[in-house]
Amino acid sequence: MSELHHSPNAGKALNRSVELAQQYRHEFITPEHLLAAINEQTLFQMSMTLGGALFFPLDQKLVEEFEKMERVPDNVDYNLGPSIQLDHVLRVAYAQVQASSATILDVPHLVKGILELKESKACQLLLESIACTESEFLADLVSCYEEALSSENDDETDFSDSSDETENVVWQQLVTCLNDHVAEHNPLIGRENELERTIQVLCRRDKNNPLHVGEPGVGKTALVYGLVERIVKGDVPERLKDSRVFLLDLGTLVAGTHYRGDFERRLKTIMEGVSKEKSPIVYIDEIHNLVGAGRTNDDSMDAANMLKPYLEEGKIRFIGSTTYEEYNRYFSRSKGLVRRFQQIDIPEPSIDEAVHIIEQLQPIYAEFHHVNYADDVARYAVETSNKHINERFLPDKAIDLIDEAGAWREIHHENDSYVVDRSLINQVLSKICKVDAMAMEADDNSRLETLYERMSGQIYGQDEALRQVVEAIQLSKAGLTDEDKPLAALLFVGPTGVGKTEVARVLARELGIALVRFDMSEYTEKHAVAKLIGSPAGYVGYEDGGMLTDAIRKSPNCVLLLDEIEKAHQDIYNILLQVMDYARLTDNKGRQADFRNVVLLMTSNAGAQYASQASVGFSGHVSAGEAMLRQVKKTFKPEFLNRLSGTVVFNDMDRHMARLILDKKLRELDGKLAARGVSMTLTDEAREWLLSEGYTREYGAREFDRVIAQKLKPLLMREILFGKRKKIKVTVKEGELIPSPTKKN
């Protein structure tokens with residue numbers, strides 16, 4: 001911040017308050033002394049009378065207050081200093097100046113400081129004296145003092161600068177001349193048609209104000225800097241030569257405008273200062289903020305209305321930029337603004353155009369980060385960012401990718417290698433959008449090649465189901481599937497407890513991605529389905545967004561498990577049709593979630609009860625899987641089944657599968673015991689007893705969890721807590737598990 005000055009009136013008030021404290025022989029300078037000093041000024045008296053108040057009663061009350069204060073005897077020397085309350089007033093006043101980006105402390109700031117000190121007598125007396133509201137009084141006070149401060153004939157001005165120079169400094173502090181900063185930004189690459197159209201509009205006689213409309217990150221601001229670069233080089237028509245482009249930041253303009261009229265005066269000061277330039281152009285980023293900016297009520301003017309005279313005059317040309325969403329929501333409501341601007345659409349560049357942009361920018365980032373980019377990095381960065389970064393647009397997201405990769409390599413150079421290659425792009429991208437870097441690496445498919453073997457070592461007896469799941473992932477990796485669909489959309493059908501949900505868990509763990517699970521039994525009611533994409537406008541929960549869409553935006557590369565899909569309301573299938581067809585889902589606020597990197601798995605028990613009847617009667621040749629599939633076709637709509645990548649039928653549990661699952665459960669238990677320094681040994685009889693108790697075709701593997709939890713774990717608990725054993729052997733006696741009577745450790 002530039003150096004802070006006192007206005008002449010503020011300086012006089014502070015000096016006069018010291019004199020008053022000395023005159024009355026008071027030990028401290030108080031807010032009452034300051035208020036009395038301010039009350040002597042004509043401008044303050046004018047402000048009081050504008051509200052219908054008289055300043056004489058305030059003067060008399062302050063004198064009475066001074067008489068009550070303790071006096072220092074005349075024969076005693078003392079050092080006069082400010083009171084704690086006055087120090088607070090001054091700190092508030094300085095904070096007001098800093099918040100408003102001003103450079104001059106004036107009397108209104110001091111008065112505001114007094115009014116903030118509610119417990120002071122000065123504040124109480126002032127509030128009793130004014131005949132209007134506090135805000136109206138402050139507005140009148142600001143108007144009087146600012147008019148006096150900016151007046152060229154103000155006899156009290158003691159600044160060395162002239163009034164004109166001061167005004168120039170004020171408006172130039174509130175804008176940025178892009179001509180002086182064009183070298184700090186990346187050059188414009190491409191966009192010849194949009195740039196020529198912009199120049200053409202600027203050269204019009206009337207309505208010569210271009211409006212760039214496009215999605216965030218497509219290059220709207222870069223287009224303006226490209227125009228400025230051509231102006232600086234002189235590569236523009238004669239009408240635009242020597243033009244200066246000023247950036248008007250509405251956030252800075254509004255910041256610190258505490259009093260009514262502050263915003264209007266700032267904007268007018270800027271426009272008057274800009275209009276004195278030879279060929280000025282004002283660039284307003286996020287121009288939709290003009291609508292409503294500075295408005296305090298329905299009757300007051302906003303920035304859009306205040307700029308209309310300058311737009312109509314045509315001396316100052318304006319360039320605006322905004323997004324389609326903000327244009328439709330705010331800008332289009334102001335018909336006067338719409339007709340004064342010429343809309344120029346800025347589309348997202350194609351893959352090839354974005355690659356060309358990145359290739360041209362690479363040397364700049366290579367020099368900045370002191371690295372070298374491999375030859376194929378530009379195209380790879382564009383294609384991978386386009387595939388995995390969903391809610392942003394080219395070329396911005398690709399530029400961010402090569403920039404961050406360059407920064408990483410500059411910090412973590414290996415063996416003095418400063419090369420940015422595809423593997424590093426993958427590492428950076430995996431952090432940005434939560435995609436497994438190894439899964440994206442085209443040259444390393446070893447993990448994918450062994451995916452089936454690793455999963456079959458954890459899921460038993462469901463070889464066909466695992467084969468279909470793994471094949472769907474591998475087909476997508478090979479690029480043989482439709483890129484605008486999920487990686488896979490599979491329906492798992494089978495009895496309870498045979499591993500349908502476990503396949504989803506294991507797949508997510510082996511791929512190194514998140515598992516996002518929704519229990520569809522929570523969405524049996526029609527209104528509950530709306531929670532997935534968000535409630536409609538006007539309903540409870542609208543601001544919360546959709547649970548499903550938000551989850552996919554947070555984890556765009558995941559295994560999405562919709563458990564027990566048949567229990568959900570029928571409306572859920574209409575939502576899933578869009579997901580399986582186009583890998584897109586739009587929430588209640590119009591935001592899209594991208595499902596292109598999602599493995600969609602749905603489980604269902606539909607038809608499982610008919611599987612056991614498959615070999616009964618005259619249709620005995622029908623398999624259990626076929627019996628279940630017949631019921632599935634009755635449960636789900638044809639258009640839903642038609643969009644699935646496949647329907648996977650899970651086998652019933654047999655004794656061999658049960659034995660493998662029991663061994664897996666016991667290994668998991670051994671791991672927990674090992675963490676406590678305990679080992680467990682089961683006799684063959686105990687293992688067979690657990691198998692017999694836990695194996696049922698009806699309940700599947702979950703019965704093993706219950707048997708182990710109810711029969712084996714309590715026994716281990718007692719031995720660990722009270723038996724003090726480190727090695728526990730479990731056997732069977734009289735149909736119950738018991739610890740073998742071994743010697744204690």
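Arginine 191 lies in the loop between strand E5 and helix H10, where helices (H or I, at least four residues) and strands (E, at least two) are DSSP runs numbered from the N terminus. The phi angle of arginine 191 is near 60°, a positive value in a residue other than glycine. With a relative accessibility of 13%, arginine 191 counts as buried; buried means under 20% relative accessible area, exposed over 50% and partly exposed in between, with a 1.4 Å probe and protein chains only. The model is predicted, so that local features need pLDDT of at least 70 and side-chain atom pairs count only at pLDDT 80 or more, while totals for chains, interfaces and linings use all residues. Residues are numbered from 1 along each chain as its sequence is written, and side-chain values use heavy atoms, with hydrogens and water left out.

A positive phi, near 55°, is also found at arginine 25, in the loop between helix H1 and strand E2 (28-29). Arginine 25 is buried, with a relative accessible area of 18%. The peptide bond from leucine 394 to proline 395 is cis, with omega near 0°. Proline 395 is placed in the loop between helix H18 (377-388) and helix H19 (396-411).

Six strands form an open sheet of mixed pairing, in the order E5-E7-E8-E9-E6-E10; two strands pair if DSSP finds at least two bridges between them. Strands E5 (175-177) and E10 (342-345) stand at the edges with a single partner strand each, so one side of each is left without a neighbour in the sheet. From one strand to the next the twist averages 25°. Strand E8 (residues 280-285) pairs with strand E9 (residues 317-322) in the parallel sense over five bridges, and tyrosine 283 has isoleucine 319 in E9 as its bridge partner.

Helix H10 (residues 192-202) lies across E6, E8, E9 and E10, running at about 175° to E10. Axes are lines fitted to C-alpha atoms, for helices over the stretch in contact, and angles run from 0 to 180 degrees between N-to-C directions. Helix H11 (residues 220-233) lies across E6, E7, E8 and E9, at about 165° to E8.

The largest nonpolar core has 41 residues, of which Leu34, Ile38, Phe44, Val111 and Leu126 touch the most other members. A nonpolar core is a set of buried Ala, Val, Leu, Ile, Met, Phe, Trp, Tyr and Cys residues joined through side-chain atoms within 4.5 Å. The largest share of this core, six residues, comes from H8. Beyond its neighbours within four places in sequence, leucine 126 is in contact (heavy atoms within 4.5 Å) with residues including Phe44, Val111 and Phe137.
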